[in-house]
Amino acid sequence: MVQMKLSVLRHGSSNRRTLGGVIGLALALATIAISVFAPIEVAPSLLAAVVGVWVLGWIVGPSGAGGGDESLKPEYFALEPIQPRTVAVGLLAASFVGVTVPVTLAAFLSLLTLGIRFGFLAALVALIAVPLQVVFAVLASRLVMALTGAALRTRIGVEITAVQYAAVLATGFSVYMLYQAASQHGDVLGQIWAQGLPAPYGTLVLALPSGWGAAAVQAAGQGGWAVALGAVAGLAVVNVLLLLGWSALIHQRVTRPTTRPSRGGRRVSGLIVGALPSTPLGAVVGRELRTWGSDPRRALELRIALWTGVLICALGLLVGLTFMIPLSGLITIALAALMSLNIYALDGSALWQTLLTPGAERSDVRGRQIAWLVVFVPPAVLVSLGGMVLTGQSWALPWVSAALPALVGGGAGLIVLFAVAWPAPGPEPHRHGGNPLDSGDVVAQFNVMFPLMIVTAVPPTIVTAAGYFLEIPALMWSGTAVGVLWGLLLGWGLGRVAYRRLEKRGPELLGTLRWGASAGADGEEESEDEQEDKPEAEWAFVTRIERNVESMSSGRGAVLAVLGCTFWLPIYQGAASLFRSLGGAGQPGWHLPLYLPGAWQVPGSLVMLAAGVFMVYLIGRILLGPAPAAGSGESTPETDGNRGGDRSDSTVG
C-alpha cells in the first residue's frame with residue numbers, strides 16, 4: 001500500500017504539496033520556537049495547547065479538502081483475502097507517505113527541544129513521545145473521519161457533525177471579538193506568555209491525550225517518573241484503541257451497503273416544491289431543494305453555514321460583546337457560497353441528462369441559483385436582523401442592508417460560474433463508499449473565490465461609508481439601493497456567463513466530471529478551432545483564468561494561495577484603523593497603524609489599504625495574465641496525472 005501511495009503521488013500535481021510544505025514548515029518552526037523561548041515553567045502547558053491545535057487541524061482539516069486523502073479506499077481491498085485489521089495497518093502506513101506527516105513530525109520535535117531544556121532523561125522520554133504523538137494525530141484524524149461518515153447516514157448525526165465544524169468556524173471568525181473580550185482584563189497574550197494558561201485550562205490541555213507528550217516530558221524533567229511513564233504508556237494504549245476502532249469501522253464500511261434510499265426533504269417538498277410551477281425551471285428548483293435536504297454532503301454544508309451564524313451570535317452574547325452579531329448573516333452567506341462552489345461536481349455525471357435535453361442549460365443554471373437563494377438567504381437575513389433586534393445594534397442596519405444583497409447576488413452568480421468553469425471532480429454520488437464527505441478537493445477554488453466574495457460587497461460599502469463620513473444620511477442609505485442593484489447585476493450576469501458556457505462546453509464539463517481533469521483538457525484542445533468562431537467576450541475571461549490555473553507552476557500556485565489567504569489582513573487593518581483613527585477610538589488593540597504617532601495613523605492606515613489592494617492586484621495578475629506559451633516546460637495537472645478521485649480504480653488491480 002505504501003508503494004501504491006507513492007505511485008499516486010508521483011502521478012499527481014505537486015502544487016498543493018509544495019504550498020502545504022512551505023506553510024507547514026513555517027508553522028512547525030513557530031511551534032519549536034515556543035518550546036525554546038517560552039519560560040520553562042509555562043512551556044509545557046503552552047506547548048500542549050499548540051500540539052492540541054495541530055491535532056485539531058488533523059481532525060477538522062480533511063472535511064474541507066474533499067473528505068481527506070481517499071486515494072486508497074478500503075473498498076479497493078474488499079475482495080482481497082486480507083483481514084480488516086491488516087488493511088487498517090496498511091492504510092495507516094500509507095497515510096505517513098506525503099507532506100503532512102513529515103511537517104507534523106517537525107512540529108512535534110518541539111517536545112524534544114523542550115526535553116533538552118529539562119535535561120538528558122527528559123529528552124530520552126521525548127524521543128519516545130514524539131512518534132507516539134504523531135501516530136495519535138493520524139489515527140485520531142482517521143477515526144473521526146470514519147465516525148463522521150457513519151454519522152452522516154442519520155439526521156441527528158448530520159446535525160451533531162455540523163455543530164462541531166460550525167463551532168470551529170465560528171471561533172475562527174470571532175477571534176477578534178474573543179480577543180477584545182479577554183483584553184478587557186489586561187494584556188492577555190503577554191500574561192499567557194509569562195504566566196501560562198489559567199489554572200483550569202493549563203491543566204486541561206495537559207490532561208488531554210494531545211498533551212500527554214508534553215506532560216511526560218515535564219514530569220521526567222521534574223523527577224516524576226510514574227507520571228512520565230504513565231503518560232507515554234497511556235499514549236501507546238490510546239493509539240492501539242484508536243487503531244482497533246478504526247479497523248472495526250473499516251470492516252463495516254467494506255461489508256455493509258454504502259448507499260441507502262434518500263432520506264427525502266418531505267417538509268420542504270410539502271411547503272415549497274408543491275407550489276412550484278410545472279416548468280423546466282420549476283422542476284430544477286424542486287430537484288435542487290430536495291437534494292439540499294437529502295444528500296449528506298449538501299445537508300452538512302447547509303447546516304454548517306447556518307450553525308456558524310447562530311454560534312457567532314451565541315459567542316457574542318456569551319462574552320458580552322455584540323458588535324459581531326449583526327455581521328453573522330454576512331458570514332453565513334459568504335460561507336454558504338464558498339461551500340456551494342462545486343455543486344455540479346457533487347452530482348457527478350448526472351449532467352448528461354441536462355445536456356441531452358434541448359435548451360435545458362439555462363433552466364438548470366437558473367434553477368440552481370434560485371434554490372440556493374431559497375435555502376440560504378432567509379436564515380442569513382433572520383440571523384442578522386434577529387441579532388440586531390436582540391442586541392440593539394441599530395448602527396449596523398445600513399451597513400448590513402448594503403452589503404448583504406451584494407453578497408447574495410455575488411454568491412448566487414459565483415457558485416454556478418465556478419461549478420461550470422472550474423469543477424473539482426470527485427467520485428460519483430453512488431460510489432463515494434463509506435465516506436459521504438469524499439468529493440473533489442476545492443481548496444484552490446476556495447482561495448480564489450474568497451477574495452472575490454469580499455470584492456462583491458465593496459461598491460455598496462463604499463457608498464455607505466461615504467455617507468457616514470460626510471454625514472449625509474440619504475447617501476448612506478442609498479448604499480442599500482446600490483447593493484440591491486449590484487447584487488441583481490452580479491447574480492444575473494454571472495449566471496448568464498455560466499449557462500452560456502455550459503451550452504458551448506457542456507460535453508467537456510461532463511468529461512471532466514466523469515473521467516477527471518484530463519478528459520476536460522482533451523476536449524478543450526479538440527475544440528480550439530471552434531472557439532476561434534466564438535465571440536471573445538463570452539468565454540475568454542473564464543477560460544483565461546481556467547487555463548492559467550491549470551498551467552500554473554508550483555511557485556506561482558504557492559504565491560497565489562498565500563495571497564488568497566492573507567490579502568484581507570492589510571485591507572482589514574487599514575480599513576479598521578482608518579475608521580478608529582477618524583472616530584477618535586482610544587485602544588489600538590491589534591490594529592498596527594494605531595500604534596503610530598497620531599499624525600501618522602491615517603497615512604499608515606492608507607498604506608495598509610494600499611498594500612491589500614496591491615495584493616488583490618497581484619492575484620488578478622496571476623489569474624488573468626497571459627497563459628504560458630506552448631512548450632514553456634511548465635507542468636500542468638493534466639500532464640501530472642488524473643485527478644478524478646476513485647476513477648483510477650484500475651490502479652489497484
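Where is Glu-471 found? Glu-471 is in the loop between helix H23 (458-469) and helix H24 (473-515). I will come back to that loop. First, some ground rules.

This is a predicted model: local features need pLDDT of at least 70, side-chain atom pairs count only at pLDDT 80 or more, and totals for chains, interfaces and linings use all residues. Residues are numbered from 1 along each chain as its sequence is written, and side-chain values use heavy atoms, with hydrogens and water left out.

Now the whole chain. It has 31 helices and zero strands. Helices (H or I, at least four residues) and strands (E, at least two) are DSSP runs, numbered from the N terminus. The chain has 653 residues, and 49% of them are buried. Buried means under 20% relative accessible area, exposed means over 50%, and partly exposed lies in between, with a 1.4 Å probe and protein chains only. The chain exposes about 29,800 Å². Carbon and sulfur atoms supply 69% of that area. The areas come from the Shrake-Rupley method with a 1.4 Å probe; for residues, only the protein chains shown count as cover.

Next, contacts, meaning heavy atoms within 4.5 Å. Take those between residues at least 6 apart in sequence: 80% join residues at least 24 apart.

Back to Glu-471. Its phi is near 55 degrees, a positive value in a residue other than glycine. Glu-471 counts as exposed because its relative accessibility is 70%.

On to helix H20, residues 360-391. Why does its span agree with expectation? At 1.5 Å a residue, its 32 residues should span 46 Å, and the end C-alpha atoms are 46 Å apart. The expected span is 1.5 Å times one less than the number of residues. H20 also has a kink of about 30 degrees at Phe-376, shortly before the proline Pro-378. That bend is the angle between axes fitted to the seven residues ending there and the seven starting there. Just after H20 comes Gly-392, with a positive phi of about 70 degrees.

Ser-363 also belongs to H20. Is Ser-363 buried or exposed? Buried, because its relative accessible area is 18%. Setting aside neighbours within four places in sequence, Ser-363 contacts Pro-280, Leu-281 and Val-284.

Now a helix pair. The axes of H15 (residues 280-294) and H16 come within 5 Å and cross at roughly 80 degrees. Axes are lines fitted to C-alpha atoms, for helices over the stretch in contact, and angles run from 0 to 180 degrees between N-to-C directions. H15 and H16 are therefore roughly perpendicular to each other. On the H15 side, the contact includes Glu-288 and Trp-292; on the H16 side, it includes Pro-296 and Arg-298. Angles of 65 to 115 degrees count as roughly perpendicular, under 35 as roughly parallel, over 145 as roughly antiparallel, and the rest as oblique.

Stay with H16, residues 296-319, which holds Arg-303. Arg-303 counts as buried, at 16% relative accessibility. Not counting residues up to four places away in sequence, Arg-303 touches Val-158, Glu-159 and Ala-162.

Met-145 is in helix H7 (residues 120-151). Met-145 is buried, at 9% relative accessibility. Its C-alpha atom is 7.4 Å from that of Ile-59, 86 residues apart along the chain. Val-227 is in helix H13 (residues 225-255). Val-227 is exposed, with a relative accessible area of 52%.
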